[in-house]
Amino acid sequence: MSQKVDFLIIGAGIVGLTCALALHRAKFSVVVLERSHPNQSHLKDLSTYDNRVFAINPTVKQILSNLGLAEKIETLRTSSYHKMEVYDAAMDAHIAFDKDEVGVDRLGEILEHKVLQSVLLEEVMARGIPCQFAANIAEVEPKTKTLILESGERFSASHWIGADGARSWLRETMHIETDITPYDHHAVVATIQSEKPLYKTAYQWFHPTGPVALLPLQGSHDLSLVWSTQPERAKALLEMDELSFNQALTQMTESRLGVLQVQSKRFSYPLSKQHAKSYWKDHSILVGDAAHVIHPLAGLGLNLGLLDAATLRDAFVGWRAGGCVKLERWLNWYQRQRRAHNTLVMRSMDMFYHGFSSQRLGFMTLRNIGLGRLNKTLFLKKYFIDFALGKIGYTVPDLGKINHDFKKTTQGAQNALLS
């Protein structure tokens, strides 16, 4: 017997579950399929920090709030940062961003993966959205849009959504071409304790060998580390004893926070840039890392994925509102909206990555002069902050106001589509 729904969401990660909630609140029927099984004990354990953290900007925080999740997240654990210090270690240049300087209450918020995942899972279960875990797909019937699991269960849907990560099964199955560019760097991640207090400040050092980022956690001396470097150097950092690692990290951060000490296991993963040439094909649609992967130096990757989820929900609400607009045009609208914004962010990250990696003396001198002038130019700093806060390139859809006729909710989107 086959269960028929509006959407099959492949992947129960953060973006997939956000998609499920957004579409469910818009009165669509949804089933989530996930190959693995959530480690509930890990998700509920707040005695240690998660090595995987995200820098959430206020635009995405508003989406989480509209879905009724923000207060639940805050009751568990979250932290905000009010300042950002960026250093060019090769030339001793520096730029600082401050919330008061640009007129906002915070520059961003740090959320741990397990906290956000736990809240999303609880909300999905509470709303009765079916989630099938350990769901290994054995067979595909494209004509009936049916997926058959190894258990024999059958699920069919009008649309499939691929929220299954950088190695997306759905993207491969639908033969959607993807541009993949390795950075030849690995990211080393860990939880760190600093000798000096953080004062709600995020730090970034750009070295010729790669950037080192420290993001403030809830404790006044607790940080999350993302250290991007060559694969052989990353391997060496993982193999170092704690004292040697602490010394190397303290040196790379110029002792600005005093002695840094690792508080967790160290992990690493390869870095690459990926971008699907199409975000949809036939009845299948890509969101999050299945569609795009960027360098983690600014922590914007998850923001882009959650914006995908919100925009896709907008597209389907607009299509259902009626009129003469075919679904393909709405899906093209979703692709244009998100691909343009994602491309802008990806190119910006590339500019920072390659710009600060260059060791050519002339380029380094210009970079040093440019950072100095930028640090003294308020309107340019405000532009950079607005970009990071999600105020440029995207308008937040209000997921909390779903009208019965849907037309009022989507009129602006329809006008944009038909213009």
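What we have is a predicted model, in which local features need pLDDT of at least 70 and side-chain atom pairs count only at pLDDT 80 or more, while totals for chains, interfaces and linings use all residues. Residues are numbered from 1 along each chain as its sequence is written, and side-chain values use heavy atoms, with hydrogens and water left out.

A search of the whole structure gives nine aromatic pairs, where rings of Phe, Tyr and Trp (its six-membered ring) pair if their centres lie within 6.5 Å, and planes under 30 degrees apart count as stacked, over 60 as edge-to-face and the rest as tilted. One of them joins Tyr-87 and Trp-205, and because the ring centres are 5.5 Å apart and the planes at 15°, this pair is stacked. Tyr-87 belongs to strand β5 (residues 83-88) and Trp-205 to strand β13 (residues 201-207), so the contact ties together parts that are 118 residues apart in sequence; strands here are DSSP runs of E, at least two residues, numbered from the N terminus.

Tyr-87, at 9% relative accessibility, counts as buried, as does Trp-205 at 0%, buried meaning under 20% relative accessible area with a 1.4 Å probe and protein chains only. Trp-205 also stacks with Tyr-203, at 5.6 Å centre to centre and 15° between the planes, and Tyr-203 is likewise buried.

Elsewhere, ring pairs link Phe-7, Phe-28, Phe-316 and Trp-319 into a cluster. Phe-28 also has the charged end of Arg-320 over its ring, 4.0 Å from the centre, the criterion being NZ of Lys or CZ of Arg within 6 Å of the ring centre and within 35 degrees of the ring normal. Finally, Arg-266 lies over the face of Phe-245, 4.7 Å from the ring centre.

Terms used
Helix = DSSP H or I, 4+ residues; strand = E, 2+ residues; numbered from the N terminus. Buried < 20%, exposed > 50% of the residue type's maximum accessible area, 1.4 Å probe, protein only.
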